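Here is a short note for a colleague who is opening this structure for the first time. Please keep the view at hand while reading the points.

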Amino acid sequence: LSNFATDADVARWRAETPGAERHAHLNNAGAGLMTQTVLDVMKAHLDAEALDGGYEAAQDNASRIAAAYDSVARLCGAQTRNVAFVENATAGVALILSTFAWKAGDRIVTTRNDYASNQIMMLSLAQRYGVEILRARDLEEGGADPDDFARLLASDRVKLALVTWVPTNSGLIQPVAELGALCGAAGIPFAIDACQAIGQLPVDVAALRCDYLTASARKFLRGPRGIGFLYASDRMLNAGYHPLFADMRGADWTHHDAFELRPDARRFENWEFAYALVLGMGAAADYAMSAGQERTSARARSLAADLRTGLAAIPGVRVLDRGRELAAIVSFEPGHADPGDVVKRLRERGINASWTPRTSATIDLDDKDVAAVVRLSPHYYNTEAEIGRAVEQIDALLGGSRAPKARS
Ligand SMILES: Cc1ncc(COP(=O)(O)O)c(C=O)c1O
């Protein structure tokens with residue numbers, strides 16, 4: 001595949017996306033638009049469950065279900081044995097945290113930009129067990145400072161480093177490969193929240209040197225809501241790490257008072273599954289790989305860069321993305337307008353956006369001295385025209401005084 005998307009590629013991707021022409025969907029960080037294939041495999045499985053029975057449908061589709069694991073494994077450079085399917089990224093992080101026997105004074109190294117739910121779970125561990133959370137300082141240009149991260153890793157009793165690769169609330173891309181190398185050198189298990197990264201950036205668990213990685217299907221991967229996956233390295237599996245509450249899928253109840261864990265990552269799974277969603281996630285992974293991750297990533301990020309340029313020319317708009325490299329998430333303060341109201345009015349004008357309140361990113365928004373931000377997140381199937389339209393509409397909502405217009 002060429003590194004560049006042609007107009008014909010974009011036209012095909014849009015034709016394969018039933019929602020593409022209905023709105024300018026700039027909320028891929030919320031949930032990306034699913035392709036027709038993803039929708040079809042899920043509908044077919046639900047039909048089979050209704051017509052043949054839920055358990056029978058799963059048996060009949062066993063080879064397709066197995067193939068979904070292979071697809072997700074290939075998508076992130078893993079072996080199938082290292083992949084488990086979970087409800088969502090947050091459930092994955094909770095499972096990861098539960099693999100450690102936390103004691104007072106144990107430490108977790110993380111960043112100032114980790115996802116709110118992860119921060120809450122770590123704070124809960126702090127409250128219940130006296131675990132300490134060490135957050136690396138940020139660089140001047142934004143993003144975790146690797147030197148400070150390394151300094152924290154060298155503290156006593158660090159059990160885990162947990163880093164959100166691309167936060168929900170801005171275009172920052174954390175230097176996860178560099179941080180992973182530091183964890184490797186320090187011998188500290190490294191977990192990545194790749195919820196906004198999967199489908200947006202090429203992911204290779206070996207290059208990242210991570211022990212755990214978790215993500216949801218619905219965002220830039222363009223899979224369904226309600227499912228995600230968790231990668232667990234052989235290092236962790238072979239050392240016997242397992243979720244505190246493995247169920248009868250993750251382990252066998254072999255003796256009255258004993259259980260045996262599954263050898264592979266499926267020790268993280270629950271017995272019950274929405275198999276339609278499993279198939280949908282597998283199809284989304286296949287689609288992402290066939291579209292070509294390098295070029296879809298480059299295109300999404302380039303559309304986001306155009307959006308930042310357009311927004312920055314609107315008086316009163318403050319574009320808030322910081323970092324050495326920026327992702328396809330654009331965050332901004334819309335002058336004195338209320339972010340929730342801007343999103344509502346954009347929706348009325350056929351543009352899907354979202355907004356992030358302070359409590360979703362307390363540290364980052366306090367640092368930026370803003371109570372809430374509007375978030376626009378294009379993907380590779382969006383068009384330059386949609387980006388232009390979004391900028392025009394936001395300009396109009398805020399009074400229509402963009403620099404070029406003022407001159408005419
Ligand atoms: C960076 C990041 N991590 C984790 C999550 C949580 O994903 P889920 O709601 O699927 O658990 C999100 C959701 O927005 C996110 O942006």
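1. Start with Arg299. This residue is buried, because its relative accessible area is 12%. Bear in mind throughout that the model is predicted.

2. Which residue is the salt-bridge partner of Arg299? The partner is Glu384, and the closest N and O atoms of the pair are 3.0 Å apart. Arg299 sits in helix 12 (residues 293-312) and Glu384 in helix 15 (residues 384-397), so the bridge ties together parts that are 85 residues apart in sequence. Glu384 is partly exposed, with a relative accessible area of 47%.

3. Salt bridges with shared partners also build a network. Asp9, Arg12 and Arg295 are joined into one network in this way. Within that group, the side chains of Arg12 and Asp9 meet at 3.4 Å, N to O. Both residues belong to helix 1 (residues 7-15). They are three residues apart there, about one turn of the helix.

4. Is Asp9 buried or exposed? Asp9 is buried, since its relative accessible area is 10%. Arg12 has a relative accessible area of 38%, so this residue counts as partly exposed.

5. Another bridge to inspect is the one between Glu178 and Arg324. Their closest N and O atoms are 3.5 Å apart. Glu178 lies in helix 8 (residues 176-186), and Arg324 lies in the loop between strand 11 (317-319) and strand 12 (330-334). The pair therefore ties together parts that are 146 residues apart in sequence. Glu178 is partly exposed, at 39% relative accessible area.

6. Now turn to the ligand. There are 13 residues around the ligand, and Thr90, Thr168, Asp193, Ser216 and Arg218 come nearest. How does the shell divide by residue type? Four of its residues are nonpolar, six are polar and three are charged.

7. A polar side-chain atom of Thr90 is 2.6 Å from a ligand oxygen atom. For Ser216, an N or O atom of the side chain lies 2.5 Å from an oxygen atom of the ligand. For Arg218, the corresponding distance from a side-chain N or O atom to a ligand oxygen atom is 2.6 Å. The ligand taken alone exposes 390 Å², and the protein buries 91% of that area.

8. Met248 belongs to the loop between helix 10 (234-238) and strand 9 (251-255). With a relative accessibility of 62%, Met248 counts as exposed, because the cut-off for that label is over 50%.

9. Check the backbone at two arginines. Most residues other than glycine have a negative phi. Arg209 has a positive phi, near 50 degrees. This residue is placed in the loop between helix 9 (205-208) and strand 7 (212-216). Arg209 is partly exposed, with a relative accessible area of 21%.

10. Arg222 also has a positive phi, near 70 degrees. Its place is the loop between strand 7 and strand 8 (228-232). Is Arg222 buried or exposed? Arg222 counts as buried, because its relative accessibility is 2%.

11. Glu16 is in the loop between helix 1 and strand 1 (24-25), and at 30% relative accessibility it counts as partly exposed.

12. Thr111 has 0% relative accessibility, so it counts as buried. How far from Thr111 is Ala313, C-alpha to C-alpha? The two atoms are separated by 31 Å, and the residues are 202 apart along the chain.

Key
Residues numbered from 1 in each chain as written. Predicted model: local features only at pLDDT ≥ 70, side-chain atom pairs only at ≥ 80, totals over all residues. Heavy atoms only, no water. Near = heavy atom within 4 Å. Polar contact = N/O pair within 3.5 Å; in protein donor to acceptor, adjacent residues only side chain to side chain. Areas by Shrake-Rupley, 256 points an atom, 1.4 Å probe, with all protein chains shown as cover. Nonpolar A, V, L, I, M, F, W, Y, C, P; charged D, E, K, R; others polar. Helix = DSSP H or I, 4+ residues; strand = E, 2+ residues; numbered from the N terminus. Buried < 20%, exposed > 50% of the residue type's maximum accessible area, 1.4 Å probe, protein only. Salt bridge = Lys/Arg side-chain N within 4 Å of Asp/Glu carboxyl O.
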